[in-house]
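Hi everyone, thanks for coming. Let's take a few minutes to walk through a structure together.

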Amino acid sequence: MTEAYPAGAELEREIVALMPAVRRFAMRFERSAADVDDLTQDTMLKALAHVHQFKPGTSMKSWLFTITRNTYCTKYKISRRFTLYPDVEAATSGLAVQSMQEWSLRALDVTKAISALDADKRQALVMAISGDSYEDIAGVCGCELGTIKSRIARARAAVIASLGETSATSAVAVT
């Protein structure tokens, strides 16, 4: 890339000459010497890789400091997303996350249990699960409100029993 810019080699020398200033500036962000060195090195690599983006007539030092600050901010945002633990015990002491496969298998079991219901109970339960009001379900099914409530209660009980559970709370838990 430096062939396209006759002053490219000169700019690269200027970047390298400003490395001590960049390192001192990096100390404002990082505390350990190793982290300061890493931030300085990342800044130098980015600056040298993108020397063609430097606008002549502007301050090289300011350009390098901007790269340093932006590099630090990016690394900081990434580090906030991930928690690194110094030992395995600390990492595994939290609650375990259930795998998606178990939820998929549980969903299949629930689908089978609902499919095994009588058509009238299945229709009422599926409509209730979908968020329809009992009054709307009664209107669609052509039944009294009490009949719909009874059908839905019996359908829930049958699904819970089919799953081998004793309550709705235990039926939705994956063990």
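Before we start, one term: when I say two residues touch, I mean that they have heavy atoms within 4.5 Å of each other. And please keep in mind that this is a predicted model.

First, the overall picture. The chain has 10 helices and 0 strands. Of its 175 residues, 25% are buried. If you take contacts between residues at least 6 apart in sequence, 54% of them join residues at least 24 apart. The accessible surface is about 12200 Å², and carbon and sulfur atoms account for 57% of that.

Now let's look at E30. You'll find E30 in the loop between α2 (19-26) and α3 (33-49). Which residues does E30 touch, leaving out those up to four places away in sequence? They are D35, V36, L39 and Y72. E30 is buried, yet has no salt bridge. The nearest side chain of opposite charge is K75, at 6.6 Å, and a salt bridge would need a side-chain nitrogen within 4 Å of a carboxyl oxygen.

Y72 takes us on to the aromatics. The structure holds 5 aromatic pairs. In one of them, the ring centres of Y72 and Y76 are 6.2 Å apart and the planes sit at 25 degrees, so this pair counts as stacked. Both residues belong to helix α4 (residues 60-81), where they are 4 residues apart, about one turn of the helix. Y76 has 41% relative accessibility, so we call it partly exposed.

How values were computed
Residues are numbered from 1 along each chain as its sequence is written. This is a predicted model: local features need pLDDT of at least 70, side-chain atom pairs count only at pLDDT 80 or more; totals for chains, interfaces and linings use all residues. Side-chain values use heavy atoms; hydrogens and water are left out. Helices (H or I, at least four residues) and strands (E, at least two) are DSSP runs, numbered from the N terminus. Buried means under 20% relative accessible area, exposed over 50%, partly exposed in between (1.4 Å probe, protein chains only). Lys and Arg count as positive and Asp and Glu as negative; His and the chain ends are not counted. Rings of Phe, Tyr and Trp (its six-membered ring) pair if their centres lie within 6.5 Å; planes under 30 degrees apart count as stacked, over 60 as edge-to-face and the rest as tilted. Accessible areas come from the Shrake-Rupley method with a 1.4 Å probe; for residues, only the protein chains shown count as cover.
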